[in-house]
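The sequence and the structure are shown first.

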There are 4 protein chains.
Amino acid sequence: MPNAWQKPFSRKEFLGPVALRAYAAEFSGMFFFLWVTIGVVCSGYSALQKSYKITSGADIYDANDYAPSVSWVLTVALAFGMSIMVLVYSVAHISGGHLNPAVTMAMIVFGEINIFRGLIYIVVQTLGATVGVTMVDALWPESTTNSLNFGLNGINSELSIAQAFFMEFFGTALVVFVIFGTAVDPRGSEFAHHNAPLAIGFAVFLAHIVLIPMTGCGINPARSFASAAVSGVWTDQWLYWVAPLLGGSFGAAFNYFPFQFRNNPDNKHGI
Amino acid sequence: MPNAWQKPFSRKEFLGPVALRAYAAEFSGMFFFLWVTIGVVCSGYSALQKSYKITSGADIYDANDYAPSVSWVLTVALAFGMSIMVLVYSVAHISGGHLNPAVTMAMIVFGEINIFRGLIYIVVQTLGATVGVTMVDALWPESTTNSLNFGLNGINSELSIAQAFFMEFFGTALVVFVIFGTAVDPRGSEFAHHNAPLAIGFAVFLAHIVLIPMTGCGINPARSFASAAVSGVWTDQWLYWVAPLLGGSFGAAFNYFPFQFRNNPDNKHGI
Amino acid sequence: MPNAWQKPFSRKEFLGPVALRAYAAEFSGMFFFLWVTIGVVCSGYSALQKSYKITSGADIYDANDYAPSVSWVLTVALAFGMSIMVLVYSVAHISGGHLNPAVTMAMIVFGEINIFRGLIYIVVQTLGATVGVTMVDALWPESTTNSLNFGLNGINSELSIAQAFFMEFFGTALVVFVIFGTAVDPRGSEFAHHNAPLAIGFAVFLAHIVLIPMTGCGINPARSFASAAVSGVWTDQWLYWVAPLLGGSFGAAFNYFPFQFRNNPDNKHGI
Amino acid sequence: MPNAWQKPFSRKEFLGPVALRAYAAEFSGMFFFLWVTIGVVCSGYSALQKSYKITSGADIYDANDYAPSVSWVLTVALAFGMSIMVLVYSVAHISGGHLNPAVTMAMIVFGEINIFRGLIYIVVQTLGATVGVTMVDALWPESTTNSLNFGLNGINSELSIAQAFFMEFFGTALVVFVIFGTAVDPRGSEFAHHNAPLAIGFAVFLAHIVLIPMTGCGINPARSFASAAVSGVWTDQWLYWVAPLLGGSFGAAFNYFPFQFRNNPDNKHGI
């Protein structure tokens, strides 16, 4: 079993100054993450409307007519992936740079973070994300934010709930598999010291180009919650929590058990 | 208070050979930055006209008809972000690679640079930027430069002035938050030693994909000034100075106070 | 001759715990690689249909009408390239991160891996890839997977078999040339220590933007096999094995003989 | 004056085994560079024709009707930039990874390479490039290669010769400025040790997004020569030699004199 599970309870680990700074880092990171990504969704929609109007003469204010063209998917996926890359570089030395409750959950399960500290991370991430989307609400024109419900996640009508569930599950598993391979594995982190945030950012990018046309791509419950909270639409919200939380821990296990557990000479868990 | 504010006045810090080379670096960097980015804006417009003419038979020389399609926004954002990345790699060891008065202002406020040297940076950056755009004026066909006013920043008609102001404010805050997290924080810079310019470049890219359809994306007063000076259009120029200068320092404070001030064992300011 | 060819037979090298973990890493890597890339092919097709329907009113369910637009090629190529980058960062320290039978074959030929271990790699890679595509079959709507045959490789009708063969040959040669220059060459790997996966990922990206409109881009027999196995279409399958296996070893030779063999003072093969 | 100019003549420096391997590296690098980039130009054209035919019913085989859409420019620019990145990572430790006569010329002028060795580099680069384009001729369908003249450079009809000349001049200057700032400057190379090829690759990308719609983007005489030699069209070929060769050395001077000459404590030229 991971060491952290055997350690005695320590208040300092989740209330000391180091922990408080970590909460601040997760909050700031999530604020900027949501502000920039949901902003890109709304700005891109505005650009799309404008160019569509010029070529066809018609408006496309109805969200159902909103065509997620391939270059749009690419742009939005780059926004999500590169903002994670950039923000993990910025706060990884303060909080570990989780910026995602599904990542924090996997870290709790595998003893990489104190469980109480981890739960506070999740609360703070959700709060930061919601403030970020609220700022988009305040700054962007209503025509764009109303039509898209602040980048609300939604399931493609051709999918069953089970299919959507496992898409979110494996998308999150991919991201956490990469995090455990590059940033958590002590040998991995040595090999990929400077570049873990780069690999993680592109893993998030990949999850988005594969999932945006299918589930809108959640893989991050705090991000899904924030869009739902500000738009007031809670359809399938449970799925965007359960699937990533389970999928993230599955991805971690998929990396931890074969590659780090027991066989690893540098195993920091000492088992 | 940062150390630099308490130090005695030293001429050498802003007139010695090291300082003079730094001014040259900021000038060259800004020259290439504006030449290549405003060049991309004008070249992309030319490509757009040509392909539009073939598919529709009509010309689109009127700038109001100029549709900022999603792939156009992506391309221009990559031009701005990757040129900052490339030029920061090239001159960071000479001048720190600010290449933006809003960055220099934040460095002055947090004592990372001598105030007189910083003010000369800002003058020199603005000069280099203007020479860069002047070179675009000399080399590009008039049809492209006239229509787009050399990439002049302008506020989307759906936005209030306050909304545009805070978009520029937070866009600059994001970039400077990343700079302070990766290049200024002594622990951050150790963690992200080789990759700070990569993270900073992608932060600039993010600011551009989110802001281009809304404010044209300034976040750099020298860049906004240069387009205005060469095109002779000064509408809302004040906003493209005040918002980035305040937003940059806000982003720095958002990183400095929680993560570097006092709590940092390696704090180089010794307070 | 490479050292590995002269070594006595050792069971441990392909049956010990280190070898078993390496097989698991190649399996997991290939699973995620195919899941995400073939997923992107199917999701992108769905996005394309939707946006095409809105602008033209017509459906494009017939795969023959499926137009591989430039931004589609770019997106799919980024999916293939960046997933290799991300997964090589994640498993390189476990298995070497081959993730391609053509790479493993070149490693066998140049003595970088035990031949029995290498052959098991190839089997395991093919298995992981097939499970990945099977998961796409389970999760994606039939309209997308049926039309595209799970990203099945196919030869452009304007090409002769020989032309397609040498396209696959040189595309794989490029990727393996880069692998041998950055990750195998002992001096190269020192120079490019942290960045070999980045260079390799972009080499895969390049092979895809150049080959997708011509051969669909195989350059990886396990990936080609997986699409064929799940779709049941085996046309030209031999080509997608023979050309990459020969091309990969050619690319390795093109790097090994001039740059590493004999002339290299640090030559780890000691010849 | 740079040291290399004062050294006695040494045959070994351009005929010894180290030099011979360097020639082989420049040849291989240029072969792959041209094969993949001109291949992308031709493959992209094929994709464009196919998608245009589906939406409009008409063919666009006439090269004059070939619309360089924004996403096409982006894709081609990424092909050129990322292939330089990937190949510089692969051969920099063998030959320095010039892969461009304009770079080699700047290295000769600033004493970074023996003049005779440098001149052989230029011959070998041009040869490798021409073999690469010849291979595209052999493998790609005639419809694509004939229409585009193998990516032949050409001047936009709206430009004067002088404008085209200085566009090529400054585009090359930007690339060589970055090379001198990251890979040549002894302090720069320490700072940017692992990432110089990344910065250089993106500088090449930038030159291409800015110049493709204007001059087709040469900035590399060997690349321009190869397209001309295989297509047999030599219009304005002189410009694609003179402007890059002068511009490259200008970019080097723009970096060398202010930042490396005399003021540099680690100056390896000892002057």
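How many aromatic pairs are there over all chains? The count comes to 104 in this predicted model.

**An aromatic pair in chain C**

A pair of aromatic rings is described by the distance of the centres and the angle of the planes. C:Phe169 and C:Phe250 form one such pair, with 5.1 Å from centre to centre and 40 degrees between the planes, and the pair is classed as tilted. Distant parts of the chain are linked by this pair: C:Phe169 belongs to helix H7 (residues 161-184) of chain C and C:Phe250 to helix H11 (residues 239-259) of chain C, 81 residues apart. C:Phe169 has a relative accessibility of 11% and therefore counts as buried, the limit being under 20%. C:Phe250, at 30% relative accessibility, counts as partly exposed.

**Cavities**

Twelve cavities of 30 Å³ or more are found in a search of the whole structure.

The largest cavity is lined by 20 residues, and the closest to its centre are A:Phe202, B:Phe202, C:Phe202, D:Leu78 and D:Phe202. Helix H3 (70-95) and helix H9 (196-215) of chain A, of chain B, of chain C and of chain D each supply at least two residues of this lining.

In chain D, H3, helix H7 (161-184) and H9 each supply at least two residues of the lining of the second largest cavity.

Two copies of a chain are related by a rotation about an axis and a shift along it. Chain B is superposed on chain A by a rotation of 90 degrees with 0.0 Å of shift along the axis, at an RMSD of 0.0 Å. The two copies are thus related as by a four-fold rotation axis. Within chain B, the C-alpha of B:Ser71 is the nearest to the axis, at 4.2 Å from it. The copies use different surfaces, as 13% of the contact residues of chain B recur in chain A.

Notes:
Residues are numbered from 1 along each chain as its sequence is written. Chains are lettered from A and ligands numbered from 1 in the order in which they are written. This is a predicted model: local features need pLDDT of at least 70, side-chain atom pairs count only at pLDDT 80 or more; totals for chains, interfaces and linings use all residues. Side-chain values use heavy atoms; hydrogens and water are left out. On a 1 Å grid over the protein atoms alone, a cavity is a set of points where a 1.4 Å probe fits but cannot get out, and a pocket is an open set with protein on both sides within 12 Å along at least five of seven lines; lining residues have an atom within 4 Å of a point. Grid points are joined across faces, edges and corners, and a volume is the space filled by probe spheres set on the points. Helices (H or I, at least four residues) and strands (E, at least two) are DSSP runs, numbered from the N terminus. Copies are superposed by least squares on the C-alpha atoms of residues with pLDDT of at least 70 in both. Contact means heavy atoms within 4.5 Å. Rings of Phe, Tyr and Trp (its six-membered ring) pair if their centres lie within 6.5 Å; planes under 30 degrees apart count as stacked, over 60 as edge-to-face and the rest as tilted. Buried means under 20% relative accessible area, exposed over 50%, partly exposed in between (1.4 Å probe, protein chains only).
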